[in-house]
Amino acid sequence: MNRRGPRAGLAGVGALALAVALAAPGAAAAGVGAAAAPPAVAPLQLLPGEYLWLPELAPRGPVLVLVSLPEQRAYVYRNGVRIGVSTVSTGKPGFETPTGLFTILQKKREHYSNLYDDAPMPFMQRLTWDGIALHAGRVPGHPASHGCVRLPYAFSERLFDVTSQGITVVITDEPGRAPMLAEPGLFRAPAPVPAVTTQSTPIAAHRLPTPAWAGYAWAPELAPPGALNVVVSGADRALVVLREGVEIGRAPLQPGEPLPGGTRAFQLLDGPGPGATPGAPRRRWVQVLGEPVVDPARLARAIGVAPAFATLVGEALAPGATVVITDQPLRTAPLTVLDAEGGGAPAVQPASAGGG
């Protein structure tokens, strides 16, 4: 365990208690309870600049970072287990840090802001192309940045070493909640279209038009390798697949039940899910944002796409993939999805950008 900051590290029973407190949210993911609300996590008593770091709790697996604005805390999860928590400093009034789901677009150990007098931004991990990033900086115990998420220097370095470009960062204006195992019901094949026959015309003469929802686009060659980000919009009745911020797939949703209200986000973990067998593998998902899924079967019926497209996306999914399911339009959702503009990051990055 690492605890750093203004106070010295604790030892013995005190350190063990801190380790249990850090690991407890990950333990909650051991059981699947679709209707159970993710428990609110009471923020640990850390002074400004302090953090806890226990990477040995989960040595492998996809990494996810969750930043709670009201708590001024960052939580780090690996394969669904919390391995770190830190105090942070987010955007001050007039420079509020945007909420939503982001991907790390760029990483630089040494970086300087081009907006604020070449201010140093060590261990910069870019979230948007207009200047929002995670980086080391002053953490006074309250929002004080120009929109970025400042982290204690040592914690920022440790986080930099375990993340990779393309991983998911969640910034929320709610208290931190422990991710819970969930069943999002993804990529189910739509119901078959009934055949139309008559008594007077050969069946071959009655060819049904291809349903609008059966079409799709799939071009994985447009983006470099990386984790997938899948966004399902109920308002647009569309499913969009991005990789490294570049759209590589899109398909309309099958007519059917509307998506439930609100925005939910899921991350694919490493390892098989409950009930998996060699002949019938099941993926293991963890819900990281939004109200719990009460009826997975209903959600599955609402996300029907062309079977061929579902197969392509399913084969491309790998641990670390993120799925966002929202009733909002893709580009006008009040919750940022994937970048500050509500869509994917541009395929060609600007020459420079920086925040504070």
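**Notebook: loops, a helix face and salt bridges**

Strands (E, at least two residues) and helices (H or I, at least four) are taken as DSSP runs, numbered from the N terminus. The model is predicted, so I note that local features need pLDDT of at least 70 and side-chain atom pairs count only at pLDDT 80 or more, while totals for chains, interfaces and linings use all residues. Residues are numbered from 1 along each chain as its sequence is written, and side-chain values use heavy atoms, with hydrogens and water left out.

**Entry: positive phi**

I read a positive phi of about 55 degrees for Gln72, which is not a glycine. Gln72 counts as buried because its relative accessibility is 7%; the classes are buried under 20% relative accessible area, exposed over 50% and partly exposed in between, with a 1.4 Å probe and protein chains only.

I then checked Arg237, another non-glycine, and found a positive phi of about 50 degrees. Arg237 sits in the loop between strand 14 (228-233) and strand 15 (238-243). With 24% relative accessibility, Arg237 is partly exposed.

**Entry: Arg73**

I placed Arg73 in strand 4. Its relative accessible area is 10%, so Arg73 is buried. A polar atom of the Arg73 side chain lies 3.4 Å from the backbone oxygen of Glu71. I also took the C-alpha distance from Arg73 to Tyr51: 9.3 Å in space, for 22 residues in sequence.

**Entry: helix 2**

Which residues of helix 2 are buried? In helix 2 (residues 153-162) I list Phe155, Ser156, Leu159 and Phe160. Viewed down the axis of helix 2, these buried residues fall within an arc of 140 degrees, so they line one face of the helix. The arc is that of the directions from the helix axis to the C-beta atoms.

**Entry: salt bridges**

I searched the whole structure and got four salt bridges, each defined as a side-chain nitrogen of Lys or Arg within 4 Å of a carboxyl oxygen of Asp or Glu.

Arg109 pairs with Asp161, the closest N and O atoms being 2.5 Å apart. Arg109 is in the loop between strand 7 (106-108) and strand 8 (124-126) and Asp161 is in helix 2, so the pair ties together parts 52 residues apart in sequence. I noted both as partly exposed, Arg109 at 45% relative accessibility and Asp161 at 47% relative accessible area.

Glu247 forms a salt bridge with Arg250, where the closest N and O atoms are 2.9 Å apart. Glu247 is partly exposed at 34%, and Arg250 is partly exposed at 35%.

The side chains of Glu257 and Arg301 meet in a salt bridge at 2.7 Å, N to O. This pair links distant parts of the chain, 44 residues apart: Glu257 is in the loop between strand 16 (246-252) and strand 17 (263-272), and Arg301 is in helix 3 (residues 296-302). Glu257 is partly exposed at 26% relative accessibility, and Arg301 is partly exposed at 45% relative accessible area. I recorded one network of Glu257, Arg298 and Arg301, joined by salt bridges that share partners.

**Entry: whole chain**

I counted four helices and 20 strands in the protein chain. Of its 356 residues, 50% count as buried. Among contacts (heavy atoms within 4.5 Å) between residues at least 6 apart in sequence, 69% join residues at least 24 apart. The protein chain exposes about 15600 Å², of which carbon and sulfur atoms supply 58%. Accessible areas come from the Shrake-Rupley method with a 1.4 Å probe; for residues, only the protein chains shown count as cover.

Terms used:
Polar contact = N/O pair within 3.5 Å; in protein donor to acceptor, adjacent residues only side chain to side chain.
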